[in-house]
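Biologist: Could you take me through one part of this model closely, namely the place where the two chains meet? Please give the cut-offs behind each term as you go.

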Amino acid sequence: MSGGVLLLATLCTSLFTALLIFLLPERAFRARTGLNLGAALVKLTLVAWMVWGLSRGHAYALEFPVLEGLAFVLRADALGIMFAGLSSLLWLFTTIYAIGYLEDSPNRKRFFGFFSLCVASTLGISLAGNLFTFLIFYELLTLSTYPLVVHRGTAKALAAGGVYLRFTLTAGLVLMIGMIALHVLAGDIRFGEREILAGLDLDRRPLLVGLFWVLIAGFGVKAALVPLHGWLPRAMVAPAPVSALLHAVAVVKAGAFGIVRLVYDVYGIELSAELGLLAGLVAVASVTILYGSLRALAQQELKPRLAYSTVSQVAYIVLGIGLFGPLGTIAAFSHLLHQGLMKVTLFFCAGNYAEELGIHRIDDLDGAGRRMPLTSLAFTVGALGMIGLPPVVGFFSKWYLGTGAIQAGMPWVIAVLVASSLLNAAYFLPILGRLWFLPGPDHGVGEWPEERRLGRLETHAWLLVPAVATALFSLVAGLLAGMPFSPLEWATRVVNTEYLP
Amino acid sequence: MSVLSAVPLAAETAVLWVALLIPSLLGLLAWRFPPQRMRPLLLVITPLPLATFWLLHRVAMGGELEGVWSLGELLLYWRLDGLRGLLLLLTQLLLLASATYAVGHRRAIAVAERTFAGFWPLLGGLATALGIIWVAADLLTLYVALELMGLCAVGMMLLPGKQAALVAGMRYLLYALVGSLAWLLGVALLLGVSGRLDLSGLAATTQPGTVTSIAMALLAAGLLLKAAIFPLHGWLAPVHASAWTPVSALHGALVVKASFFILMQLWQRLVPEAVAAAWLLGLLGSMAVVWGGLQAWRAQALKQVVAWSTVGQLGYLMLAFPLLAGTSAAVATLAWQATWLQLAAHAMAKAAMFMAAGNLVLAAGEGRLTDLAGTSRQLPFPLMTFGIAAVTLMGLPPSAGFTAKWLLLQAAILAGQWLWVAVLVAGTLLSAAYVFRVLRCAFVEDATRQEVQPLPAGMNLIALLLALAALGLGLGADWPLALIRAGGMP
């Protein structure tokens, strides 16, 4: 199959799934489930095919002109395919989880239709070959996530949806203006054509600096950089699979990925360093890491705590970018994948506690480890990984960040990392303590807020399997970090082949 | 661009005039024998856009077509270039959509066949008038077509026969007549100065001066009135409140744009360098964007939201004037393409949105926003159509509204006219605000809902296809924009 067709097929898998789901009647439960899972598997296969092809030197690209001097470009490069691989893998699990989670609830057709559109946009973001194409899918992602955020239709959900739109649509406009200004300045820049901006006249440099921060402000909203993070904790009212999706795969990652593209593929890391942009990024990231962790510590409910933890963890990616060195870059790229795996696990588990036992508050979790051992084990793996304990993948992110900081000559970043890890421990360890060591209803103390026996296992199998699977992935990816095609190895390969500063 | 020949090719000319006049004949035929089903209508009208497609193909190959018709002493000029051909194609597609939709609409609102029959000749006349406006190249033909269009439009607005429709329709007529009066005065002045009425002749002979300025001001005032540009938009929202949906769709999509098109033609030929006046028009457009957006945000009834959004969206078109006057060729090319792409995007999306809103109101039996609660479950099809059309109106990707906004922003930034960037930002945010206010109501879950009335499937399908066309034009803009660049630039 030629390169362009394969790209298009990957993108259309999700688009056609969305279309078909909208056409199927609401009650066609089996057909919809089959379609969802089938499409997720096909997409994963196609992306795996491209990963294999890329590693053997094949090229995948497709483009056509839209305006004079501006084209719609899809292109699979090592970095993009890495993000595509993450999203297709996690999508499979999130789909399974969502099918179990939404069993017997209304409006499932609408949910899964927009869910598939969301996958399509995320894939488009990862395969976009220039800023114009990136923006198209980035905005499409905003539109397709709104119905998911307000899915429950309650006043609170609708209010959260309003806040979400206010942030993301404004950011989209800021982004669009920044991109157009860059286009006016330098024409259509394909990702990877770093020499265009580097070759501009020196008197254009202040303008470039200004535009960089405009674009970062645009991406920073979705990446939930402080002070642009306000929408994220509020969007927690959405159903658990949507939260998993917003936090681990689609929305925040799209923002972080945009920053990666901007720094490495449009400005180029050397120009960014020359213009003094990276120091600013490190500062923003450090503030976000600490602020997010502190706010997480103050939360009494599980999902908001995880939400603020996301704010803090995604900023690690930005921190890694800012460190200007191969190790920092490896940390940034691999954390893009690692955080996804761990965070999706944590959200699946939070959803399981809420569905099976009605638990939303952290102090209701006492003794839940005995009632739901597998879920609690998965949660433990995710939490320890977030703290940065080996052999979970989170350790490698922090290790490379730390060594990268030393390499970059910014030892104070180590202090930020240590403080953040301590804070991570401070907000995750008490949860683990409650899960495993405090007596709870299964020990005869008190009772669960709202217990439902959803299955023969500790909870519905469709809810349990994805949580355990992603937890296993985060463990195995850590244990086998040196093997080919592990996230860390692929990130290193990307850095070595393309991005070595 | 070379003209095909001094005497235009006979086949092309014949096809053009047949394509222009056929709608009127079909309308008269349908008056006598009202169509009962959608499919035959589809078959009868489809050859029209196909013929225009062929004409566009010929124009793309060999340049522009122009010609003169002499009626005794009178010389009537016409021309067909890429832009005009595309507008004709757009008109025919929308005619096709609204005629087909009207068949289902008549059944759904249960109006007597005889009462509705008057719709058809008026629709045919409107389509012919619009077609002539796109190809006419002298002020007399334009005047006749403009009047024909206005009268047909007023007639269609009056058709429902209700008190509100009569009041709004008569007010529309009054405004249109005042507009025509201003236009006639302007034409008379120009005729006195240069002694001719054809556009290219006027462009060649008219000298900038007081009389030209006054004439242009009169012409502009008349056209702005007919185009419902702020602050002369007062008649627009009331007529849509009581008009039938297919009428609103065609009116909001094309009728108001025809006046804009004429204004643009005259401006480019008579006063292309009048920067201050162009900025004034741009400012009027900016106020239209803001005011229309605010009113749409405040409106209580669904159709009013859609009608007020037209006022705002027309404002975007007016930004073309300052971006075309006294700017570099690069800016002008960008703004020129942006304007027509925006016009086409808005035409299709607005027609789709009126139809979707009409379907929602008909099916739910209620016209207020708050009554839409829970429709996302019961009426997903029209709501989805509304949403897709709204993507174009908000200018979000991948719609044609987005591509047009990209071009417009690029032009404004390149020209350093940052005011228009601010206007576009405000307009986008306002349109998002009123669109999501509607969608938000539809997502409310805890509402009691009565039964919904089933509608013919075709009504939903036509609206959806139009909305998708506006969406698809965004990434498929290369072909029409290339045609526009090749011919029709002032």
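Modeller: What follows describes the interface of the two chains and then turns to a few local features.

This is a predicted model, in which local features need pLDDT of at least 70 and side-chain atom pairs count only at pLDDT 80 or more, whereas totals for chains, interfaces and linings use all residues. Residues are numbered from 1 along each chain as its sequence is written, chains are lettered from A and ligands numbered from 1 in the order in which they are written, and side-chain values use heavy atoms, with hydrogens and water left out.

The contact (heavy atoms within 4.5 Å) draws 36 residues from chain B and 36 residues from chain A. Buried area is the accessible area, taken with a 1.4 Å probe, that two parts lose on being put together, summed over both; between chain B and chain A it is about 3300 Å², and carbon and sulfur atoms give 79% of that. On the side of chain B, the residues that lose the most area to chain A are B:Trp406, B:Phe443 and B:Leu475, which together account for 23% of what that side buries.

For polar contacts (pairs of N or O atoms within 3.5 Å, where within protein one must be able to donate a hydrogen and the other to accept it, and residues adjacent in sequence count only if both atoms are side-chain atoms), the count between chain B and chain A is two residue pairs, both at pLDDT 80 or more. Helices (H or I, at least four residues) and strands (E, at least two) are DSSP runs numbered from the N terminus, and those giving two or more residues to the side of chain B that touches chain A include helix H16 (329-364), helix H20 (418-443) and helix H22 (478-486) of chain B. H19(B) gives the most to that side, with nine residues. By class, the side of chain B that touches chain A has 22 nonpolar, seven polar and seven charged residues, where Ala, Val, Leu, Ile, Met, Phe, Trp, Tyr, Cys and Pro count as nonpolar, Asp, Glu, Lys and Arg as charged, and the others, Gly among them, as polar.

A salt bridge is a side-chain nitrogen of Lys or Arg within 4 Å of a carboxyl oxygen of Asp or Glu, and across the interface of chain B and chain A the rule finds one. Its partners are the side chains of B:Arg485 and A:Glu68, at 3.5 Å from N to O. Over all chains the count comes to 21 salt bridges. The pair that crosses between chains runs from B:Arg485 in helix H22 of chain B to A:Glu68 in the loop between strand E1 (60-67) and strand E2 (70-76) of chain A.

Some backbone features of chain A complete the description. A cis peptide bond joins A:Val226 and A:Pro227, with omega about 10°, and A:Pro227 is found in the loop between helix H8 (205-222) and helix H9 (231-234) of chain A.
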